[in-house]
Amino acid sequence: MTRAMIARARRTAPSLVVFAVLIGAWWATVTMTGSLIFPTPGEVLTGAWGLMQDGTLFEHIGASLFRVAAGYGLALLVAVPLGLWMGWVHGAFLTLNPLVQILRPISPIAWIPIAILWFGVGNASPIFLIFISSVFPMVLQTANGVHGIEKRYLRAAENFGVSRRKLFSQVVIPAAMPQIVVGMRVGLGVAWLVVVAAEMIALRSGLGYLIIDSRNAGNRYDLVIAGMVVIGLIGLVLDGLMRLLESHPSVRWRYAS
Amino acid sequence: MRPKITLQGVSKAYGNGEALPVVDALDLSIREGEILAVVGPSGCGKTTLLNIMAGFVAPDSGEVRVDERPVVPDKKGILMSQQGSVFPWLTVRQNLMFGLNGAHGGDAVATADQYASLVGLRGFETAYPYQLSGGMLKRVEFARALAVKPEILYMDEPFSALDAQMSLRIRNELLNILQTVRKTVVLVTHDVEEAVHMADRVAVLTARPTRIQTVFEVDLPRPRAVASTGVQALRAAILRELGVD
Ligand SMILES: Nc1ncnc2c1ncn2[C@@H]1O[C@H](COP(=O)(O)OP(=O)(O)OP(=O)(O)O)[C@@H](O)[C@H]1O
Ligand SMILES: [Mg+2]
């Protein structure tokens, strides 16, 4: 074994142990209590395997990911320009910030009735809910990023007499980019939380629906837990992708020193 | 020689309510093509004065003229800020190309690379600032300023973050470059030796609110060795003027 492999093993070992202990404890508890409803980890695996084989798991994953992509994509398209504008134009910030601050703390769950009223029970409702919950963190982070640009850089840009276009493309946006990416990461995390909640209401596909449907249709808690695990794993992957973005040179300058 | 920059009765105070007077009715005339060093006690208003000269801060009263016209911040005079302002999100080449909006495409790249090698940064064109040492970063700062062919350089303690050796080396390189491309230079520094080494004249500022206390002519042949008796004698005289030792 190489030194690097040993170091890697050292780093991952503790969390693997925690997983093993938790799963062991779960297994032992269910076996000892002889629960008829709560499944063992083995039953969860078997249930998940069944869902994979008939393909329904992938349909649900696809449905959830599509809604997140649509809602989050729209939010990103709105949030970045809006955030840049609010960050750059003081009047825009003064005008819009109170509104954003009031809308932001409203839980996406509280929007559900309005979403159904406006958009019905199709795909549009969860997409709206994802949009409304991920747009504000991204707007605020972007505006913060622009506010945080140090004066010496803006002065330098002014000194070299560049066009407005160049000022934005080479100074304002890249300077704010690390904050924008932080906002994007937070926004995607929120979007993934919200899609599951939104799918529990009046939808017939998606991981949220899978969970609620498995419970309603005969207390299939093995599938409920399988769905939860899949949600967790996909969330992990999504966050990992955003982390990759953070190591891009256009962002890394902020953290390297 | 005709003055390049003139300051007339320039005053500036900061703060609301209890105002903090920083610059007090200051008069100064800077000749075309000279290197003027500005020294003064810490916090006396050197940076403020330089920002006023470059047109970035408006004085409360008085006036700054460059070539007999009211100053505006543009490429004619490049300000190099105390903390440095090389854009950390752009590569060395992109930084050097930043001010070259007149030239298009390939020309700008060639010009940028030419200035990179002028300051000894050949091979680092695609590096990011965080991958450079402090000395190299300063060179980028100089190269970016020189690349737009300014008539004036306003430099705010450009060498103070460097160790003594690196400071001396870059100063000598800069003096060499300035021999071939004559520019008017205003050099703010807290290092009197550096001032005498570089400058044609050294303006000594008073404590805050600041004004000009004395202006020393530096009549020493170039290139100057910092250890020479001429430099050291003048350094001692200026330090006495500043009330140190
Ligand atoms: N933007 C500002 N707002 C309020 N006060 C300021 C501002 N800039 C500078 N000052 C004050 O003005 C005085 C002079 O500051 P300045 O930075 O010009 O001094 P300096 O001579 O460059 O100092 P140093 O030698 O430390 O670089 C200081 O007391 C500082 O607190
Ligand atoms: Mg200063």
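Predicted model: local features only at pLDDT ≥ 70, side-chain atom pairs only at ≥ 80, totals over all residues.
## How confident is the predictor?

Let's start with the scores. For the complex, the predictor reports an ipTM of 0.91 and a pTM of 0.88. Chain A has an average pLDDT of 94, with 99% of its residues scoring at least 70. For chain B the mean pLDDT is 93, and 97% of the residues reach 70 or more.

Helix H3 (residues 56–88) of chain A has the highest mean pLDDT, at 97, while helix H11 (residues 249–252) of chain A has the lowest, at 86.

## Around the ligand

Ligand 1 has 13 residues around it. The closest are B:Tyr14, B:Ser42, B:Lys46, B:Thr47 and B:Thr48. Helix H1 (residues 46–53) of chain B supplies three residues, the largest share of this shell.

## Where the chains meet

The contact between the two chains draws on 21 residues from chain A and 19 residues from chain B. On the chain B side, 12 of those residues are nonpolar, five are polar and two are charged.

## A helix pair in chain A

Two packed helices are described by the angle between their axes and the distance between the axes. Take helix H9 (residues 207–216) of chain A and helix H10 (residues 221–246) of chain A: their axes cross at roughly 165° and come within 8 Å. An angle over 145 degrees counts as roughly antiparallel, so that is how H9(A) sits relative to H10(A). The crossing of H9(A) and H10(A) is left-handed.

Which residues do the touching? H9(A) brings A:Leu207, A:Leu210, A:Ile211, A:Ser214 and A:Arg215, and these meet A:Leu223, A:Val224, A:Gly227, A:Met228, A:Val230 and A:Ile231 in H10(A). Sorted by class, the contact of H9(A) with H10(A) has eight nonpolar residues, two polar and one charged.

## A helix pair in chain B

Chain B has a packed pair too. Helix H4 (residues 134–147) of chain B packs on helix H5 (residues 164–180) of chain B at an angle of about 20°, and their axes are 11 Å apart. Because of that angle, H4(B) is roughly parallel to H5(B). H4(B) passes H5(B) in a right-handed crossing.

From H4(B), the contact uses B:Gly135, B:Lys138, B:Arg139, B:Phe142 and B:Leu146; from H5(B), it uses B:Met166, B:Ile170, B:Leu174 and B:Ile177. The contact of H4(B) with H5(B) comes out as six nonpolar, two charged and one polar.

Most peptide bonds are trans, and most residues other than glycine have a negative phi. B:Pro209 sits in the loop between strand E9 (201–205) and strand E10 (212–217) of chain B. The bond from B:Arg222 to B:Pro223 is also cis, with omega near -10°. B:Pro223 lies in the loop between E10 and helix H7 (229–242) of chain B.

Then there's B:Asp67, which is not a glycine and yet has a positive phi of about 50°. B:Asp67 is in the loop between strand E4 (61–66) and strand E5 (69–70) of chain B.

How values were computed:
Residues numbered from 1 in each chain as written. Chains lettered and ligands numbered in written order. pLDDT = per-residue confidence, 0-100. Helix = DSSP H or I, 4+ residues; strand = E, 2+ residues; numbered from the N terminus. Near = placed C-beta within 6 Å. Contact = placed C-beta atoms within 7 Å. Nonpolar A, V, L, I, M, F, W, Y, C, P; charged D, E, K, R; others polar. Axes fitted to C-alpha atoms, helices over the stretch in contact; angles between N-to-C directions. Parallel < 35°, antiparallel > 145°, perpendicular 65-115°, else oblique. Left-handed = near helix turned anticlockwise from the far one by under 90°.
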